[in-house]
Amino acid sequence: MSESIHASVSTEILNIQSAYDFVTDPVHGAVDLFIGAVRNHHEGQSVQGMTYDVHEALAEKTFMEICKEAQKRWGDIKIYISHYKGQLDIGGISVIIAVGSAHRAESFEACRYSIEELKKRSPVWKQEHYEHGPSEWLPGHSLKSGAHG
Amino acid sequence: MSDISIHVKLFGAFRKFGESIDFSMPVGSTIAAVKKALQQKLNGEGLVFDSVLANNSAILRDHDVLDKDTELSILPPVCGG
C-alpha cells in the first residue's frame with residue numbers, strides 16, 4: 001500500500017508536480033491543489049519579499065496531525081502538505097497542499113480544512129520586507145490554547 | 001537548592017534578540033516562572049506572554065515543572081501559509 005500522507009518543511013523551492021504526483025491514484029477522480037504565494041502588497045504597503053521562519057520538528061508534527069484529522073473526516077484521501085522555510089521574492093511559493101480523493105467534494109473540503117488549520121496551529125512566522133520602511137514580523141494566532149494536557 | 005540550565009531557541013519576532021538565550025533557574029521551576037524570567041532577559045518584551053514554550057514534541061503548559069537541564073523554544077503567535 002502506498003503512503004497516503006506527506007508532511008514536510010523545505011528549504012528548497014516547493015514543487016507543484018511533486019505534490020500532484022503524490023496524491024494521484026487510480027481510484028481517485030479528483031485532485032485539489034492549494035498554492036500559497038508571496039503577494040506584492042499588504043495593507044497599503046508595497047512588499048518586496050517575505051522571510052518564513054519555521055520550527056521544523058513541531059511544524060511537521062502539526063502538519064501530520066492535520067493530515068490525519070482530514071483523513072478521519074473525509075475518508076480515503078491522499079494528502080500532501082509542504083511549507084517553505086527561508087526567503088522568497090514576490091510570487092514565490094510558500095505552501096502547497098494537495099488532496100486526492102474519489103470525488104471532488106472531499107478534495108475541496110479537506111484542502112480548505114488543511115490550510116485553515118495550518119494557518120492557526122503551525123509554528124510558522126512571516127517577516128514582510130517592504131519597499132519603504134523596515135521589515136516587520138506579522139501578527140498571528142497565539143498557540144496558548146494548544147498546550148497539551 | 002541547585003539550578004538547572006535553560007536554553008531557549010528564539011523564533012519569529014524574537015529573532016531580533018538573536019538565535020537563542022541561556023539562563024539558569026532553580027530545580028522545580030514551572031514553565032510560567034521560566035516565561036517570567038525569559039521576559040526579563042528580553043528587556044521586558046511583552047510578546048512573551050502571548051507566546052508558548054515548547055520542546056521538540058509538544059507545547060508545554062504553564063504548570064509543567066522542569067527538573068533537569070532543558071532545551072526549549074519560544075513560539076510567538078503563528079501566521080503560516
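First, the ground rules. This is a predicted model, where local features need pLDDT of at least 70, side-chain atom pairs count only at pLDDT 80 or more, and totals for chains, interfaces and linings use all residues. Residues are numbered from 1 along each chain as its sequence is written, while chains are lettered from A and ligands numbered from 1 in the order in which they are written.

Back to B:S73. Contact means C-beta atoms, placed from the backbone, within 7 Å. B:S73 is buried, because 23 other C-beta atoms lie within 10 Å. The cut-off for buried is 20 or more; exposed is 12 or fewer, and partly exposed is in between. B:R15 sits 58 residues away along the chain, and the two C-alpha atoms are 12 Å apart.

Where does B:S73 lie? In strand β6 of chain B. Strands here are DSSP runs of E, at least two residues; helices are runs of H or I, at least four, and both are numbered from the N terminus.

Now the sheet. It is open, with four strands in the order β2-β1-β6-β4 of chain B, and the pairing is mixed. Pairing takes at least two DSSP bridges between two strands. At the edges are β2 (20–26) and β4 (52–54) of chain B, each pairing on one side only. The average twist is 35 degrees from one strand to the next. Strands β1 (3–10) and β6 (70–75) of chain B run parallel, joined by five bridges. B:H7, for one, has B:E71 in β6(B) as its bridge partner.

A helix packs on this sheet. That is α1 (31–41) of chain B, touching β1, β2, β4 and β6 of chain B, with its direction at about 130 degrees to that of β2(B). Axes are lines fitted to C-alpha atoms, for helices over the stretch in contact; angles run from 0 to 180 degrees between N-to-C directions.

Next, the two chains together. Chain A puts 29 residues in contact with 21 of chain B. Elements of chain A supplying at least two residues each are α2, β7 (93–101), α3 (104–121) and β8 (124–130).

Last, A:I79. Beyond neighbours within four places in sequence, its contacts are A:I5, A:V23, A:C67, A:A70, A:Q71, A:V99, A:A110 and A:S114.

Technical notes: Contact = placed C-beta atoms within 7 Å.
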